[in-house]
Amino acid sequence: MALAAGKMDRRITLERFVTSSDQYNEPIKAWGALATRWASYEPISDGERFRAGETAATASARFVIRHCSTVADLNPKDRLTFDGAAWEILHVKEIGRRE
């Protein structure tokens, strides 16, 4: 499956939870940018759930990026930001030989 460059029209940032130290050597845990890539975006579903009197909105989407060594170990512990919102990564899969 070839990835058409014209469909990769969205800019996303892939982030990883990292621990660093401050000036007093205290640990600081935060999301750090792993890579910024062009991606294709396809909304899959959205909806609302009603549970225990609360309403929770959900949205699912598929983002496709090109393979590179920087993101070869991307996994569900990471996240991505797109259009000002942080997205939880549920699955990562290869759609072709290193595509």
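How many salt bridges does the count come to? With a salt bridge taken as a side-chain nitrogen of Lys or Arg within 4 Å of a carboxyl oxygen of Asp or Glu, the count comes to 5. The structure is a predicted model, in which local features need pLDDT of at least 70 and side-chain atom pairs count only at pLDDT 80 or more, while totals for chains, interfaces and linings use all residues. Residues are numbered from 1 along each chain as its sequence is written, and side-chain values use heavy atoms, with hydrogens and water left out.

The chain has 0 helices and 5 strands, where helices (H or I, at least four residues) and strands (E, at least two) are DSSP runs numbered from the N terminus. Along the sequence this gives the pattern β-β-β-β-β. Of the 99 residues in the chain, 23% are buried; buried means under 20% relative accessible area, exposed over 50%, and partly exposed in between, with a 1.4 Å probe and protein chains only. Contacts are heavy atoms within 4.5 Å, and among those between residues at least 6 apart in sequence, 52% join residues at least 24 apart. The accessible surface is about 7600 Å², and carbon and sulfur atoms account for 49% of that area, as computed by the Shrake-Rupley method with a 1.4 Å probe, where for residues only the protein chains shown count as cover.

We can now turn to the individual pairs. Side chains of opposite charge can pair when their charged atoms come close. One of the salt bridges joins arginine 79 to glutamate 15, with 2.6 Å between the closest N and O atoms. Because arginine 79 belongs to strand S4 (residues 79-82) and glutamate 15 to strand S1 (residues 10-21), this pair ties together parts 64 residues apart in sequence. Glutamate 15 is buried, at 12% relative accessible area, whereas arginine 79 is partly exposed, at 22%.

Strand S1 also takes part in another pairing. Aspartate 73 and arginine 16 form a salt bridge, at 3.4 Å from N to O. Here aspartate 73 sits in the loop between strand S3 (54-64) and S4, and arginine 16 in strand S1, 57 residues away. Aspartate 73 is partly exposed, with 44% relative accessibility.

A further salt bridge, also given as 3.4 Å from N to O, brings together arginine 62 and glutamate 42. Arginine 62 is in strand S3 and glutamate 42 in strand S2 (residues 27-51), so the two link parts 20 residues apart in sequence. Both are partly exposed: arginine 62 at 43% and glutamate 42 at 42%. Finally, shared partners connect Arg16, Asp73 and Asp78 in one salt-bridge network.
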